[in-house]
Amino acid sequence: MIALIQLSPILLVISLIMGLKRPPVQAALMGSLLALALWFGGLADPFLPATLVRVLQDSTVLFLSTACVIAPGLLFVIYLERIRANQALEGWVSGLGWRGAALAVFVVLGLAPLLESMTGFGVSLIATVPLLLALLDRQVALRIALTGMCIMPWGTLGLATVIGAALAGLPAETLGAWAAWTSAPVFMLAISLALWLMGQRHPLVYLAGCAMAGLFILLLHLISRTAGPEIAGVGAGGAILLAGLAWARFKEQARLQFPRQAWPYLALLAAILLLKGLNALFGIADLLVVQGNQVSWKPLASPGLALLCVSLLLIAREGSQQLGQAWFNRAKRPLLTILFFLFMSQLLVKAGFLTSINQGLSELSASLLSPLIALFGALSGYITGSNVGGNAIVMPSIAHLPLAPSLLPIMAAVQNSAAGHAALGSLPMVALLIGLAKGSHEEEQSLIRFAFWLVLANTLLVAAVGTLLASAITTGG
């Protein structure tokens, strides 16, 4: 009974979002207030001011590391819309001559991952939805557009993976590298499903599509392990896109000149590479470290710095008319939601709410633990509509499990992948997609059902590969 009471803040969040259809920001606030009330009421560890200070310290550091990517990222997105960068990109891509299976590969594994990795917030849909609607049947186009969001754990310059690594006490490179393997079957499913929806039935087409997915996965792993997850999605998606450009050039049916209106994407890529180079050569990230109780943040290594530089360049070129209000309207909900979720997660961990839960989980074998974590991860990602929010709820529990050092990265990767690939099918994402496509209520309900089954399939795949990896590590150890 006490364990159920201690879990009640999480259960309240789920009930408010799924049952009462309340916005995530309200659910996160109510969950945080309930956790505080239970703590003050003696239903967790005894209240100590020092514990509250530690909760506030780590919540603040984690929030700053998140906000300093989201805040300039939303500025970047606003200017992309003002200068119609994505419309120009969509027109450029449609002129490359990609049709049939090639279109599926280079949207699902190339264009969509590249754009979503650089921006997040579903921005890739702004480019892919009009493109797909122009070339495919409407129902097929909407489903492929949603399927193309599969890069989620590496979206917004790998923010969710970086935050998840901090919550799990792991290097971001380690979590990103393992997440590439736990997400691997999801990418295989994504391209296969896209090909099936487009009416492709020849086995060789699926073999070629899965080969491209294999290259994509390998690049995600290698770049995450060496350069970090911040640039892994950009690198993997960009490589597939370059392969598509080479194919189009070989076919002599494409104009390869990049649209001038989409120059901010190239500027952001250059800024990211410059930031990574300066850190590799001179270690500038170590010049400024914001230290919490158990987590730390290096602002000079944050991809938010690259986003900020390009956003300031856009402000200088395009002006700042009505910028403040437009930015505030977009930023307030996601930032407040993440703040409350991070505070609730740190409170649940540091005030002892999860002790009995962790004791129960620690008694499970790795083969049972992986599916359970995948289930919790998918649920957290789906209800919050956010990979970061999902990690904030579940990842601290994984970090406190008495796991072997070799198993912790795998279980953390299962959580990260499950939350990300469930968030792609969440209700906010479906609503955004329907809004962009000006869809009907019937289309929205149909897409919600499709998204739910896609989330379920993704969760089962992540759980299965997590179990296999854990068994191999356990057997090998």
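Predicted model: local features only at pLDDT ≥ 70, side-chain atom pairs only at ≥ 80, totals over all residues.

**Entry 1**

I started with R84, which is found in the loop between α4 and α5 (85–94). Helices here (H or I, at least four residues) and strands (E, at least two) are DSSP runs, numbered from the N terminus. Residues are numbered from 1 along each chain as its sequence is written, and side-chain values use heavy atoms, with hydrogens and water left out.

Phi of R84 is near 55 degrees, a positive value in a residue other than glycine. I noted this because most residues other than glycine have a negative phi. R84 is exposed, with a relative accessible area of 51%; buried means under 20% relative accessible area, exposed over 50%, and partly exposed in between (1.4 Å probe, protein chains only).

L157 also went on my list, with a positive phi of about 55 degrees although it is not a glycine. I found L157 in helix α9 (residues 155–168). Is L157 buried or exposed? L157 is buried, at a relative accessible area of 0%.

**Entry 1: salt bridges**

I used this rule: a side-chain nitrogen of Lys or Arg within 4 Å of a carboxyl oxygen of Asp or Glu. The count by this rule comes to five salt bridges. I wrote down some of them.

K350 and D58 meet through their side chains at 2.9 Å, N to O. This pair links distant parts of the chain, with K350 in helix α16 (residues 323–350) and D58 in helix α4 (residues 49–82), 292 residues apart. Both K350 and D58 are buried.

R138 and E443 form a salt bridge at 2.5 Å, N to O. Here R138 sits in helix α8 (residues 138–147) and E443 in helix α22 (residues 441–476), 305 residues apart. R138 counts as partly exposed at 30% relative accessibility, whereas E443 is buried at 12%.

D286 and K298 pair at 2.7 Å, N to O. D286 lies in the loop between α14 (263–282) and β1 (290–291) and K298 in the loop between β2 (296–297) and α15 (303–318), so the pair ties together parts that are twelve residues apart in sequence. K298 counts as partly exposed, at 35% relative accessibility.

**Entry 2: two helices side by side**

I looked up α10 (residues 172–182) and α12 (residues 203–226), whose axes come within 7 Å and cross at roughly 170 degrees. Axes are lines fitted to C-alpha atoms, for helices over the stretch in contact, and angles run from 0 to 180 degrees between N-to-C directions. The two helices are therefore roughly antiparallel to each other (angles over 145 degrees count as such). The contact (heavy atoms within 4.5 Å) is made by E173, G176, A177, A180 and W181 of α10 and I217, L220, H221, S224 and R225 of α12.

T66 is found in helix α4 and counts as buried at 1% relative accessibility. The T66 side chain reaches the backbone oxygen of L62 at 2.9 Å. Not counting residues up to four places away in sequence, T66 touches L159, I163, I338, L342 and V388.

N458 lies in helix α22 and counts as buried at 4% relative accessibility. Which residues is N458 in contact with, leaving aside its neighbours within four places in sequence? I found V186, L189, H421 and L424.

Methods
Parallel < 35°, antiparallel > 145°, perpendicular 65-115°, else oblique. Polar contact = N/O pair within 3.5 Å; in protein donor to acceptor, adjacent residues only side chain to side chain.
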